[in-house]
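Open the model in your viewer and keep the selection panel ready.

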Amino acid sequence: MKANDMSESELFKAAQNMESYGGGFAEAIALAYFRADSTNQVRLIDAFGHLFERYAPVQTCPHCTRDLEDAQEIADGLCSSDDCPRHDE
Ligand SMILES: [Zn+2]
C-alpha cells in the first residue's frame, strides 16, 4: 500500500512501528510525525512515505490470512472471498 493511500490511523500505527522497531532515522521521523501539524505530516509522508510503507501494519483476515483490500473488508476485519474458511464456521 502506498503511504498516500493509508488512513490516518494506519499512518499512526506505522509511525508507532517505526518508533518501536525502526532504526535511529525511522524512529526520528516517527517522532517528528507525532509532533507535526497536519501540514507538516503531509510533507513528511511525501518525503519519507517509503518508511511508513515499510512499517505499515498489515491487515489480514484472521481466518485465511489474506490481505484485506478494500475499506469494507478492513472495517469488517474479514476478507470477502468466497474461498475463505470463515464460511464453514
Ligand atoms: Zn478470509
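Select Leu11, Ala14, Ala15 and Met18: these residues of helix 1 are buried (20 or more other C-beta atoms within 10 Å of the residue's own, with C-beta atoms placed from the backbone; 12 or fewer is exposed, in between is partly exposed). Look down the axis of helix 1: its buried residues fall within an arc of 100°, so they line one face. The arc is taken over directions from the helix axis to the C-beta atoms. Now pick Ser9, Ser20 and Tyr21, exposed on the other side of helix 1.

Two notes before moving on. This is a predicted model: local features need pLDDT of at least 70, side-chain atom pairs count only at pLDDT 80 or more, and totals for chains, interfaces and linings use all residues. Residues are numbered from 1 along each chain as its sequence is written. Helices are DSSP runs of H or I, at least four residues, numbered from the N terminus.

Next, show helix 2 (24-35) and helix 3 (38-54). Both are among what covers the buried residues of helix 1. Click Met18. Leaving out residues up to four places away in sequence, Met18 touches Ala26, Glu27, Ile29, Ala30, Leu51 and Tyr55 (contact: C-beta atoms, placed from the backbone, within 7 Å).

Select the largest nonpolar core. It has 12 residues, including Met18, Ile29, Phe52 and Tyr55 (a core joins buried Ala, Val, Leu, Ile, Met, Phe, Trp, Tyr and Cys through C-beta atoms within 7 Å). Helix 1, helix 2 and helix 3 each give two or more residues to this core.

Finally, zoom out. Colour domain 1 (1-57) and domain 2 (59-89); the bounds come from an automatic or database domain assignment. Their centres, taken over C-alpha atoms, are 26 Å apart.

Note on methods:
Contact = placed C-beta atoms within 7 Å.
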